[in-house]
Amino acid sequence: MKKYPFYFLLIIASILQAKAQTNLPSVKNFNADWAFVKDIDTVNCGQVLSNAQTANINWEKVSLPHTPNIEPVNKIKEQWQGTCFYRKFFTIPAESSGKHIAIQFDAAMHEADIYLNGKHIYKHVGGFLPFYIDISNIVKIGQQNCILVKLNNQDNPVIPPGKAIKDLDFNYYGGIYRNAWLITTNKLYINNAVQANRIAGGGILIHDEDVSAASAKVIVKTDVNNDYKQGKKVWIKATLFTKDGKVVATSTSTQQLIEAGNYGTFTQTLTITNPQLWSPAQPNLYNIKIQVYQNTKQVDETSLKTGIKTVVFAANGFYINGTKLNIVGTNRHQEYPYIGYALSDNAQYRDAWKIKNAGFNFVRCSHYPPSPAFLDACDELGIMVMDAIPGWQFFGNNEFQKNSFQNIRDMIHRDRNHAAIVLWEASLNETSMSKDYMDTANKIVHTELPFKNVFSSGWMDYAFDVFNPARQHLKAPDYFKKYNHPKPLLLAEYGDWEYYAQNAGFNQKEYAGLKSEERSSRQLRTDGQQRMLQQALNFQESHNDNLYGPGVGDANWLMFDYKRGYAEDLETSGIMDVFRLPKFSFYFYQSQYQSNTDANGFGKPMVFIANYWNDPRQKTVKVFSNCDEVELFLNGKSLGIQKPDTDLFSRNLLHAPFTFNPATYIPGKLTEIGYIKGKKVAANTISTPGSAFKINIKADLSGKNLVAGKNDIIFIYASITDSKGTVIPDAIDMIRFSVKGNGELIGKQSINAEAGIATILLKAGDKPGPIKIEASSGKLISAELVYVTK
């Protein structure tokens, strides 16, 4: 027998492995090198659609995610609506001949017609969910191809949400605003669940059974397509890994013959001992790898993350993994200033990070399905999710309802394996739906997910498993205290409308002396500390009152300020503004989180002084903290140690605020020390601001660095401060920004400060490297920040 050197054997093995890998799927990001045009005349439109000469059309080079129009922060006119086109030239390499080839768009707003090489090949309606186009038999192999996407985002009463933008409580913008993918696989492949559109099938479906601290079963159902002209024998291997790569369970299926042009379904059970369960405090995730084999040859593979948990919504509470947990949640609209919905995946993560950092364990996706990247972040960070279909105060005709039912199916097919999702809002928000519609919607949820502990929800409780109304849906002061119904109650909105449009039914001290705009929860950071304190008190009061009732939890309205189609101004009941800067109420909610750190580092002991200490009329000092006791110091002198408030608005809170009333107002320095069991664990100091002197600049990363080549964006904050670095809370100076290096500013380059801070969006360029941002204003000392992207 001839002997070969060991290194030679390694080379042969690597060649064989590389050859085998050519059978595995290729999922390539398809975001780069697009061309874009909008608002072209009908003659040019015809040229584009026919793939004819378009030299007289000014195509703009863009990459995805992309918005068709940079919108002003405040509404000057209606958001852009119309027809736009995206065009991309691409080549499929010769080695992909005989493969399954597809293009997936994660979302495009909201009526899409797709053309390949001048021929119409696909139509999709709906702006919030993905669509998958099989181009295997029509794409040119080894030659240049041209894909054209025609989009229209004008009002359409058959496409949910259906309501005209001018009457809508949010905007839905436009463009291919999420990722696109080019997918190449063997003709034996795990199919796409949304495209397959099979009840409780398609793609990979994972659910848990018999979950306990001792063991759990993970059931994996996999659909495999056979696009060959002959039947093929197929088997599947499923492997479950911990996050550090340790194999905890494997399962190999029996071999199955899949007929030509058909599909096969494989169901496997993975049993785990001592499972690491997923919860908001411990969001443990497993990696699962599914490998498809034809005889001994691997032909497809995919990996995804999953979490193991049990959830139960009952009339007496919400339980996760057998432990009762009060839901403390918020609502989120996904828009950013200027770019609308066209957020990078990292920006989606940063929003989720802020929600968790604010102290919430739950988010309602209002009022449409979010980005997959946002759900991935909720899985990772430990934020439970109510996934929702598009809808708000509009019930359309039969075609609208048909499209809405498809939204439910597509949402579940896309999102069903996310550990974070605990509720499916298969309901049109604040809409008078027919009983037939609600019965069908609820049935879809339970036929698509025919397992225990799956819960639908809706604001009308006739058909859904969980009743999720807003507080304003019942007049004050009763609200839902007397709710007597076997279905669980989750207050999906509170703290805004009941203070904005009607008497909240409470008796706040000196409330009667406030103007209507001062009573409201809709407050800008520029409205000043008194009105931001009022917003925080409104949220505190209503959240405290919710805890008297029978609900399993609540979700405030809302996390971030946002734009609406029907109003000229921003909706400002967010606990952060549209630029993601916190208001005082942010810290009220942060104080409601436990005072011990969770698996991701959230929940640390904290104290926050809700006062600028610059106004003798505002000498009462409100402190938000999750500590047992707080001590206040004024210019180094202790004013005493206090326990949390015990007033009518504080009795049910996990951590009530602390209220100090110094005898006199003396400018200078306020320091708060937080104690737990007598031990100092947190501190916060503020100072009376002096005269404007300089600018400080910082980047908002919120758990993710800025990355080049991904259309990634971050907020840059330029603060006007005194000589010691204290922000001037009433400064409105114009600040001018400039950028050098591989990055660009989105929006205006000169902007007035709001409550002492001016904000811009910074977009990373295509290539990594340093970006220098400068901020200047008149005689103030300017500032610069150098950030190096990777």
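**View 1. The second largest pocket of the predicted model has a volume of about 1,100 Å³.** Its lining counts 38 residues. Nearest the pocket centre lie Pro 582, Tyr 587, Phe 608, Lys 698 and Ile 757. Two or more lining residues come from each of these elements: helices H4 (345-357) and H11, and strands E31 (607-609), E37 (679-687), E38 (694-700) and E39 (713-721).

View 2. By class, the pocket lining has 20 nonpolar, 12 polar and six charged residues.

**View 3. The largest cavity holds about 50 Å³ of space.** Four cavities of 30 Å³ or more turn up in a search of the whole structure. The lining of the largest cavity includes Arg 332, His 333 and Gln 334. Val 363, Arg 364, Cys 365 and Ser 366 are also among the lining residues. Tyr 368, Pro 369, Pro 370 and Phe 374 complete the list. Strand E24 (residues 362-365) supplies the largest share, three residues. Six lining residues are nonpolar, three polar and two charged.

**View 4. A nonpolar surface patch is formed by Trp 497, Tyr 500 and Tyr 566.** Together, the three residues have about 300 Å² of accessible area.

**View 5. Tyr 566, a member of the nonpolar patch.** Tyr 566 sits in the loop between strand E30 (553-556) and helix H11 (584-590). Its relative accessibility is 35%, so Tyr 566 counts as partly exposed. Helix H11, at one end of this loop, also gives two or more residues to the lining of the second largest pocket.

Key: Residues numbered from 1 in each chain as written. Predicted model: local features only at pLDDT ≥ 70, side-chain atom pairs only at ≥ 80, totals over all residues. Heavy atoms only, no water. 1 Å grid on protein atoms, 1.4 Å probe; cavity = no way out; pocket = protein on both sides within 12 Å on 5 of 7 lines; lining within 4 Å. Points joined across faces, edges and corners; volume = space filled by probe spheres on them. Helix = DSSP H or I, 4+ residues; strand = E, 2+ residues; numbered from the N terminus. Nonpolar A, V, L, I, M, F, W, Y, C, P; charged D, E, K, R; others polar. Patch = residues over 30% accessible without salt bridge, like charges linked within 9 Å, V, L, I, M, F, W, Y side chains within 5 Å. Areas by Shrake-Rupley, 256 points an atom, 1.4 Å probe, with all protein chains shown as cover. Salt bridge = Lys/Arg side-chain N within 4 Å of Asp/Glu carboxyl O. Buried < 20%, exposed > 50% of the residue type's maximum accessible area, 1.4 Å probe, protein only.
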